[in-house]
Amino acid sequence: MFKFVLALPLTLQLVSIADGVPNLDVTASCKGAARAVVKSESEKREQACYETEKAAKDKLGENWPKFPANDRNFCMTAVKGYAPTYTELAICLEMARDVRQIGEKPAEDTGKPMPQNLKPVRR
């Protein structure tokens, strides 16, 4: 019984992540971005941040089901440790997808020699 009680909040969190893009509070990030510019530009910068985050959330909403649940859970955990943004969440998901795709493709042999600065170092 005790294990079930501990697992229930985690299960509810996973279900909500699977249903759709979670609601993130981007206020701290956008206010921080506004503080990083000169005072006269801070309101514009904060508003631009909110608009960018709304666009990022909308795009994530379109692609959310395409990302594996494990990646969604991993990335939500990764961004929730500080002032999370939809942009960071999207980047995390895209990187996870891209790394997986790289691992699935065999290395291409272009027939060209590797540039000297990229050759492996032999010891």
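**Figure 1. Helix α2 and its cover in the predicted model**. Helix α3 is among the elements that cover the buried residues of α2. Helix α2 spans residues 27-35, and its buried positions are S29, C30, A33 and A34. Viewed down the axis of α2, these buried residues fall within an arc of 135 degrees, so they line one face of the helix.

**Figure 2. The largest nonpolar core**. This core comprises 17 residues, of which L24, L60, W64, Y86, L89 and L93 touch the most other members. Helices α3, α4 (69-79) and α5 each supply at least two residues of the core. The greatest contribution to this core comes from α5, which gives five residues. In soluble globular proteins, nonpolar side chains tend to be buried together.

**Figure 3. Surroundings of L24**. Residues up to four places away in sequence being left aside, L24 touches M76, K80, P84, T85, Y86 and L89. L24 is also one of the members of the largest nonpolar core that touch the most other members, as are Y86 and L89.

**Figure 4. The largest pocket**. The volume of this pocket is about 220 Å³. Its lining consists of 13 residues, and those nearest the pocket centre are N63, F67, A90, E94 and R97.

**Figure 5. Composition of the pocket lining**. Six charged, five nonpolar and two polar residues make up the lining of the largest pocket. Helices α3 (42-63) and α5 (86-104) each supply at least two of the lining residues. Helix α5 gives the most to this lining, with six residues.

Note on methods: Residues are numbered from 1 along each chain as its sequence is written. This is a predicted model: local features need pLDDT of at least 70, side-chain atom pairs count only at pLDDT 80 or more; totals for chains, interfaces and linings use all residues. Side-chain values use heavy atoms; hydrogens and water are left out. On a 1 Å grid over the protein atoms alone, a cavity is a set of points where a 1.4 Å probe fits but cannot get out, and a pocket is an open set with protein on both sides within 12 Å along at least five of seven lines; lining residues have an atom within 4 Å of a point. Grid points are joined across faces, edges and corners, and a volume is the space filled by probe spheres set on the points. Helices (H or I, at least four residues) and strands (E, at least two) are DSSP runs, numbered from the N terminus. Ala, Val, Leu, Ile, Met, Phe, Trp, Tyr, Cys and Pro count as nonpolar, Asp, Glu, Lys and Arg as charged, and the others, Gly among them, as polar. A nonpolar core is a set of buried Ala, Val, Leu, Ile, Met, Phe, Trp, Tyr and Cys residues joined through side-chain atoms within 4.5 Å. Buried means under 20% relative accessible area, exposed over 50%, partly exposed in between (1.4 Å probe, protein chains only). Contact means heavy atoms within 4.5 Å. The arc is that of the directions from the helix axis to the C-beta atoms.
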